[in-house]
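Subject: Structure handover, with notes on rings and pockets

Dear colleague,

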Amino acid sequence: MLREETLILLQLQHQQREPFIVVPAKVKIGPFVVNGDRSESEKRVVLFVYDTSTNLKLDETIVDSASGCIYTTRNSVRTLGPDGFVEDGIITLFADYLWQEQRGVGSVYFTPYFSRKTKQFSKEISEGHVVDGLSTKGLGVKRFDNDIPTCKMIFIPMNDTKHWFLLVVRIDLQVAEIWDSLGCSRRRKNQCKTILQALDMIYGSVEFTMRPFGEKKKIFAEYTINEQTLCPK
């Protein structure tokens with residue numbers, strides 16, 4: 001037998017031993033086109049949220065935790081659709097969930113309420129004026145008071161003209177990172193500077209235990225702001 005024919009037979013024999021890969025057909029469930037191997041329970045969940053053939057209440061709470069601290073409505077979940085803009089409620093849902101799940105490990109997850117309220121006080125913050133509302137309670141972060149002194153990182157979701165990006169304040173390194181899929185613009189960087197100034201106003205007297213050993217404590221406004229290059233574009 002010719003050498004070339006022998007190689008072909010060996011290749012065919014090897015292929016017969018390999019399992020066949022079956023690619024499931026695509027099916028449409030609600031507004032999504034997905035692989036057809038989805039379970040019936042998964043399909044029912046999607047239809048429970050997105051079915052437009054019935055009079056589903058948009059303001060109905062469809063995600064609710066036993067503690068009552070984590071919840072959101074059908075209308076908020078619908079913004080996860082292919083053409084939707086993810087609204088505050090979804091970001092808040094995941095921020096609250098992460099904080100509940102990872103509490104005590106050195107990370108604090110603010111909700112979009114903090115950055116939205118901070119934006120309203122941007123002039124007062126830049127001028128260093130302390131006004132009513134510029135407090136942990138007024139900015140919606142009072143519940144983190146006990147966690148902040150031992151915190152390594154503060155995650156702050158931010159929105160700029162229907163574009164979400166993330167500011168990660170690294171207390172353990174005394175730097176700030178911007179995670180932005182569009183790349184960091186000057187305007188968004190300035191918004192982050194305002195956030196750091198606001199943190200100084202509400203946490204200026206806190207003695208952080210997780211800052212770099214041997215380094216002088218910096219105020220937040222002195223943190224170097226870096227763009228995180230690992231953020232998916």
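I begin with Phe 85, which is partly exposed at a relative accessible area of 30%, whereas Trp 164 counts as buried at 19% relative accessibility; buried here means under 20% relative accessible area, exposed over 50%, and partly exposed in between, with a 1.4 Å probe and protein chains only. Please bear in mind that this is a predicted model, in which local features need pLDDT of at least 70 and side-chain atom pairs count only at pLDDT 80 or more, while totals for chains, interfaces and linings use all residues. Residues are numbered from 1 along each chain as its sequence is written, and side-chain values use heavy atoms, with hydrogens and water left out.

A search of the whole structure finds eight aromatic pairs, where rings of Phe, Tyr and Trp (its six-membered ring) pair if their centres lie within 6.5 Å, and planes under 30 degrees apart count as stacked, over 60 as edge-to-face and the rest as tilted. One of the pairs is stacked, namely Phe 85 with Trp 164, at 6.3 Å centre to centre and 5° between the planes. Because Phe 85 lies in the loop between helix H3 (74-78) and H4, and Trp 164 in strand S7, this pair ties together parts that are 79 residues apart in sequence; helices (H or I, at least four residues) and strands (E, at least two) are DSSP runs, numbered from the N terminus.

The rings of Trp 99 and Phe 144 have centres 5.0 Å apart and planes at 85°, so this pair is edge-to-face. Trp 99 belongs to helix H4 and Phe 144 to the loop between H6 and S6, so here the parts tied together are 45 residues apart in sequence.

Phe 114 leads on to helix H5 (residues 112-120), where Pro 112, Phe 114, Ser 115, Lys 117 and Thr 118 are buried. The buried residues of H5 pack against helices H4 (88-102), H6 (122-127) and H7 (186-203), and against strands S6 (153-159) and S7 (164-170), a contact being heavy atoms within 4.5 Å.

Of the 13 residues that line the largest pocket, Ser 115, Arg 116, Lys 119, Asn 159 and Gln 191 are the closest to its centre. H5 gives the most to this lining, with five residues, and the lining divides into four nonpolar, six polar and three charged residues.

The second largest pocket has a volume of about 160 Å³, and its lining has eleven nonpolar, no polar and no charged residues. Among the residues that line the second largest pocket are Val 86, Phe 94, Phe 110 and Leu 166, and the largest share of the lining, five residues, comes from H4.

For reference, a pocket is an open set of points on a 1 Å grid over the protein atoms alone, where a 1.4 Å probe fits, with protein on both sides within 12 Å along at least five of seven lines, and lining residues have an atom within 4 Å of a point. Ala, Val, Leu, Ile, Met, Phe, Trp, Tyr, Cys and Pro count as nonpolar, Asp, Glu, Lys and Arg as charged, and the others, Gly among them, as polar.

With best wishes

Notes:
Grid points are joined across faces, edges and corners, and a volume is the space filled by probe spheres set on the points.
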